[in-house]
Amino acid sequence: MKKKEAREYFDQEWADMKSHLKSFFKKAQQEDLHDFRVQVKKLRAFLILSDSMGDLPELAGYFKPINKIFKQAGEIRNAYMNQELGKAQQIHNDAFIDTQHQLEIKAGKKFKSNKVRFLERVKVTRRILKGKIKPVSNLHISLFYQTRLEQIGDSLAILKFDDCLHQCRKQVKMLIYNYKLAHTVPAIGFNKDYLERVQALIGDWHDHMLAIKLFSNEIIDQVALNKLKKQDSRLKKQITILTKNFYNQATTVTELPVEQIS
């Protein structure tokens, strides 16, 4: 990956991130907030790949101002998603829904009050980072993917349904995000379709786990809670089957048209 290619990718992803942030400030749509956070994750993944060339995470350090915006946006997003979880699981608790709605409104007002400061932070951070972007060799990208997939495979070999599994999903998503750049590297064996299914299934399990924890502390219909627990058991069985022999499945080469890589 040449410096020019890296900078062009960085510029495009950064522009998309800024666009979604500005759109949220204007329209207050949850879709824009979600897309903003996805773009932050894509850029963070790119910086992790770039930083892996050296001994210290230099670029990641300069990205901290954006991570702080991401975290504040997450307060709005979490309150909104808690409401959506309640509706999806047919949790009939008006007090809970109202509390989460008020949290969403409060976090949203606080976030919007920082509009000028946040946009200036985005502008300054971009200027600093762009000047420090370096090329990453194809050999390094290949080794990076191989090493990360081996590490994920080792973690999944002794499957534990705790935060470790959630961290594995984050690592898988990081590799998927960077594959837009890495797919041209000949030596990479990367089954994107399989890895998308893995991260999606673990994501479903994580959502159910959070829902069980969240609603166990609320006064809700026990039938609804039992339904959640049955779904949790089903998802665990599916994950166990899907992640068996993870490394070999993840590195099976599949040919995808370039337009499908996103």
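Predicted model: local features only at pLDDT ≥ 70, side-chain atom pairs only at ≥ 80, totals over all residues.

Residues are numbered from 1 along each chain as its sequence is written, and side-chain values use heavy atoms, with hydrogens and water left out.

**Exercise 1. Classify the ring pair Phe10 and Phe46, and say which helices hold the two residues.**

Step 1: Recall the rule: rings of Phe, Tyr and Trp (its six-membered ring) pair if their centres lie within 6.5 Å, with planes under 30 degrees apart counted as stacked, over 60 as edge-to-face and the rest as tilted. This rule gives 14 aromatic pairs.

Step 2: Apply it. The centres of Phe10 and Phe46 are 6.4 Å apart and their planes lie at 40 degrees, so the pair is tilted.

Step 3: Place the residues. Phe10 is in helix H1 and Phe46 in helix H2 (residues 30–51), so their pairing ties together parts 36 residues apart in sequence. Helices here are DSSP runs (H or I, at least four residues), numbered from the N terminus.

Step 4: Check the cover. Both Phe10 and Phe46 are buried, where buried means under 20% relative accessible area, exposed over 50%, and partly exposed in between (1.4 Å probe, protein chains only).

Step 5: Look around. Tyr9, Phe10, Trp14, Phe46 and Phe63 make up one aromatic cluster.

**Exercise 2. Find the salt-bridge partner of Glu58 and work out what the pair ties together.**

Step 1: A salt bridge needs a side-chain nitrogen of Lys or Arg within 4 Å of a carboxyl oxygen of Asp or Glu. There are eight salt bridges by this rule.

Step 2: The partner is Lys132, with an N to O distance of 3.8 Å.

Step 3: Glu58 sits in helix H3 (residues 58–62) and Lys132 in the loop between H6 and H7, so the bridge ties together parts 74 residues apart in sequence.

Step 4: Glu58, at 37% relative accessibility, is partly exposed, and Lys132, at 27%, also counts as partly exposed.

**Exercise 3. Decide whether Lys192 is buried or exposed, and describe its salt bridge.**

Step 1: Lys192 has a relative accessible area of 6% and is therefore buried.

Step 2: Its side chain meets that of Glu196 in a salt bridge (3.2 Å, N to O).

Step 3: Both residues lie in helix H9 (residues 192–216), four residues apart, about one turn of the helix.

Step 4: Glu196 is partly exposed, at 27%.
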